[in-house]
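Work through the exercises below with the sequence and the structure open. Each task is followed by a solution in steps.

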Amino acid sequence: MFYGNTINSFSSFLDDCCARTMHGEELSRDEILCLLDIAPDAVQSDMMRSKAREMAAILCQNQGKVWSAVGIENKSCPMNCEFCSFGEKWGLIKEESEWSDEDILQAARFSVSQHVSWFTLRTTELYSIERLCVLAKKILTEIPGNYHLAVNTGELTAEQAKQLKNAGIAGVYHTLRLGEGKVTHINPASRLATMKAVDEAGLKLYHMLEPLGPEHTNEEIAERILAARNCHAVLGGVMARINVKGTPFADKEPVHEDRVSQLVAISRICGGASTPDICAVPPNKKFLQAGANVVTTEIGSIPRSEQTEHQTAWTGFGITEAFNLFKEAGYNIPHEKN
């Protein structure tokens with residue numbers, strides 16, 4: 001332990017950790033574990049949340065940002081990740097479909113007009129990289145604006161990552177997921193190799209602690225924080241697992257909001273200046289007050305929903321609702337003057 005048993009000693013330890021990461025330094029694995037070992041409902045966790053919110057105000061200029069994710073194909077996936085509604089074994093997808101180019105462009109045009117920071121194309125594991133590149137070029141050619149184009153797709157070779165970069169894509173959402181290789185049936189080494197390929201291609205890596213359940217240990221979470229750091233992720237955060245009816249996780253307990261907000265704060269504290277953006281899924285005011293400055297709106301195919309295809313914003317949380325949530329949490333938003 002790096003601090004004594006008093007609140008004051010923890011406060012000094014926390015201040016030291018935050019000051020160092022704010023200057024681009026890194027916390028050790030043991031220091032990260034010290035933060036993770038604290039009970040989510042402890043006073044010390046509230047101190048972390050408060051400190052993380054202060055860091056967010058500085059590191060992201062108190063700017064709330066919206067990530068718009070569009071699931072462009074509603075198709076069964078042979079990878080059968082046990083928390084994902086797309087797994088072909090679960091049979092939740094009754095009719096397969098894929099968005100047309102025009103529908104994708106329309107969604108992108110609307111999102112950009114509403115000041116999203118990222119427009120993201122999300123696919124299943126085996127989607128064509130060449131097709132993603134074609135879509136990217138169309139979007140960037142026809143829809144100018146101040147946004148990043150990102151993809152959330154399957155494993156990538158170094159050459160495929162370069163193809164995405166050359167097509168104008170700014171970054172890739174890809175994570176070493178919690179339970180990887182046990183409930184995902186994908187080799188963790190393959191996920192790490194993709195993360196490395198993304199980084200080495202000059203693409204931005206977006207990585208979150210996900211899908212978080214109550215069973216995930218501090219040691220596993222610390223490993224994910226370190227893996228993201230080693231691949232220079234510029235976005236971190238937490239995605240709580242939704243236990244979808246019809247999947248193997250249907251009868252499992254969800255993770256408590258206190259744990260999610262604690263890990264949002266720890267993501268902010270550990271990431272510091274190197275990871276200026278922190279996302280929280282699902283969107284929640286408590287998570288924004290714990291240091292998250294990014295939320296996600298989703299349409300199209302959604303792997304965390306029993307009803308896999310959505311023509312409108314999932315759960316009714318659209319871009320307007322996202323910016324309103326930021327205002328409630330005290331953040332600035334891009335289309336209003338401070």
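**Exercise 1. The cavity**

Task: In this predicted model, find how much space lies in the largest cavity, and describe its lining.

Solution. 
1. The largest cavity holds about 610 Å³ of space. A search of the whole structure for cavities of 30 Å³ or more returns one.
2. Its lining is made up of 37 residues. Those nearest the centre of the cavity are Arg122, Asn152, Arg177, Glu210 and Pro303.
3. Two or more lining residues come from each of β1 (65-71), β4 (118-122), β8 (209-212), β9 (235-240), β10 (277-281) and β11 (294-301).
4. Sorted by type, the lining has 18 nonpolar, 11 polar and eight charged residues.

**Exercise 2. The cysteines**

Task: State how many disulfides the structure holds, then examine Cys77 and Cys231.

Solution. 
1. A disulfide is a covalent bond between the sulfur atoms of two cysteines. The cut-off applied here is a pair of cysteine sulfur atoms within 2.5 Å.
2. The count for this structure is zero.
3. For Cys77, the nearest cysteine sulfur belongs to Cys81 and is 6.5 Å away, and Cys77 is in no disulfide.
4. For Cys231, the closest cysteine sulfur is in Cys270, and because the distance is 16 Å, it is too far for a bond.
5. Now check accessibility, where buried means under 20% relative accessible area. Cys77 has 9% relative accessibility and therefore counts as buried. Cys231, with a relative accessible area of 8%, is also buried.

**Exercise 3. Helix α2**

Task: Why is helix α2 (residues 29-36) described as largely enclosed by the rest of the structure?

Solution. 
1. Count the buried residues: six of the eight in α2 are buried, so the helix is largely enclosed.
2. Identify them: Glu31, Ile32, Leu33, Cys34, Leu35 and Leu36.

**Exercise 4. Val244**

Task: Locate Val244, decide whether Val244 is buried or exposed, and list what Val244 touches.

Solution. 
1. Val244 sits in the loop between β9 and α9.
2. Its relative accessible area is 3%, so Val244 is buried.
3. Leave out residues up to four places away in sequence; Val244 then touches Phe83, Ser85, Leu92, Ala250, Pro303, Arg304, Ser305 and Glu306.
4. Take Glu306 from that list. Glu306 is 62 residues from Val244 along the chain, and the C-alpha atoms of the two are separated by 5.9 Å.
5. Pro303, another contact of Val244, is also among the residues nearest the centre of the largest cavity.

Conventions: Residues are numbered from 1 along each chain as its sequence is written. This is a predicted model: local features need pLDDT of at least 70, side-chain atom pairs count only at pLDDT 80 or more; totals for chains, interfaces and linings use all residues. Side-chain values use heavy atoms; hydrogens and water are left out. On a 1 Å grid over the protein atoms alone, a cavity is a set of points where a 1.4 Å probe fits but cannot get out, and a pocket is an open set with protein on both sides within 12 Å along at least five of seven lines; lining residues have an atom within 4 Å of a point. Grid points are joined across faces, edges and corners, and a volume is the space filled by probe spheres set on the points. Helices (H or I, at least four residues) and strands (E, at least two) are DSSP runs, numbered from the N terminus. Ala, Val, Leu, Ile, Met, Phe, Trp, Tyr, Cys and Pro count as nonpolar, Asp, Glu, Lys and Arg as charged, and the others, Gly among them, as polar. Buried means under 20% relative accessible area, exposed over 50%, partly exposed in between (1.4 Å probe, protein chains only). Contact means heavy atoms within 4.5 Å.
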